[in-house]
Amino acid sequence: MVTAEQRPGEVALPFDPAEIADNANLIFLGKIRSPWRNRSDCPRNLMQARERGQRAVIELDEVWHDGLNGLHNQSRILVLYWMHEARRDLIIQTPRHKSESTGVFALRSPVRPNPIALAAVNVVELNQAEGKIVIDAIDCLDGTPVLDIKPWFNTIDSFAEN
């Protein structure tokens, strides 16, 4: 049976992964402050977020401020975040932009067993003392928990042209 939250062709797991998850001992480092207050306003991807031209701020909890040492303005970073309002039970999805159903691991949908997202963003402004990183754009809801921040290195994070 297809529900209002499930499109034709989608297949849900017979369980909610959140209910059986083992504790991976993850902690949230802070929150992302974005302009997006509800899912209907949120851009579908980082490209759309950049087109809207609205910046966001990563606010780290005080204990993590020193971890920003060495990060600079104009750096690129990878932000891993937890899509806390996403469904977790669809294994096959029917995206709005595709005519066929697709497995979750072939999509960048927020609906996944572990709702972890990754964004490659530009650091616009950095304030280590306040634990704030202004970034060029983000495609997540205001208040989304941050899992990790990693530097982007063009030399190792880009594929060589073939």
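Visitor: What are the ground rules here?
Guide: The model is predicted, so local features need pLDDT of at least 70, side-chain atom pairs count only at pLDDT 80 or more, and totals for chains, interfaces and linings use all residues. Residues are numbered from 1 along each chain as its sequence is written, and side-chain values use heavy atoms, with hydrogens and water left out.

Visitor: Start with Val146. Which strand is it in?
Guide: Val146 lies in β9, residues 144–151. Strands here are DSSP runs of E, at least two residues, numbered from the N terminus.

Visitor: Is Val146 buried or exposed?
Guide: Buried, because its relative accessibility is 0%. Buried means under 20% relative accessible area, exposed over 50%, partly exposed in between, with a 1.4 Å probe and protein chains only.

Visitor: What is Val146 in contact with, beyond its sequence neighbours?
Guide: Leaving aside neighbours within four places in sequence, its contacts include Ile27, Phe28, Leu29, Ile58, Leu80 and Tyr81. Contact means heavy atoms within 4.5 Å. Gly30 is also one of the contacts, and Gly30 stands opposite Val146 in β9.

Visitor: Which way do β2 and β9 pair, parallel or antiparallel?
Guide: Antiparallel, over 3 bridges. Two strands pair if DSSP finds at least two bridges between them. Strand β2, residues 30–33, also pairs with β3 in the antiparallel sense, over 4 bridges. There, Ile58 in β3 is the bridge partner of Ile32.

Visitor: And which strands form the open sheet?
Guide: It has 3 strands, in the order β1-β5-β6, with antiparallel pairing. β1 and β6 are the edges: each has a single partner strand, so one side of each has no neighbour in the sheet.

Visitor: How many bridges join β1 to β5?
Guide: 2 bridges, between β1 at residues 11–12 and β5 at residues 90–93. Val11 stands opposite Ile92 in β5. On the β6 side, Ile92 has Gly103 as its bridge partner. β6 covers residues 102–103 and pairs with β5 over 2 bridges, again antiparallel.

Visitor: New topic. How many disulfides?
Guide: 0 in the structure. The cut-off is a pair of cysteine sulfur atoms within 2.5 Å. Cys42 is in no disulfide, and its nearest cysteine sulfur, that of Cys140, is 6.4 Å away.

Visitor: Are Cys42 and Cys140 buried or exposed?
Guide: Cys42 counts as buried because it has 11% relative accessibility. Cys140 is buried too, at 4%.

Visitor: Last one. Which residues form the nonpolar surface patch?
Guide: Ile27, Val63 and Trp64, with about 300 Å² of accessible area together. Patch residues have over 30% relative accessible area and no salt bridge; like charges are joined within 9 Å, nonpolar side chains (Val, Leu, Ile, Met, Phe, Trp, Tyr) within 5 Å. A salt bridge is a Lys or Arg side-chain nitrogen within 4 Å of a carboxyl oxygen of Asp or Glu. Accessible areas are Shrake-Rupley values with a 1.4 Å probe; for residues, only the protein chains shown count as cover.

Visitor: Where is Val63?
Guide: In the loop between β3 (56–60) and β4 (76–82). Val63 counts as exposed because its relative accessibility is 65%.
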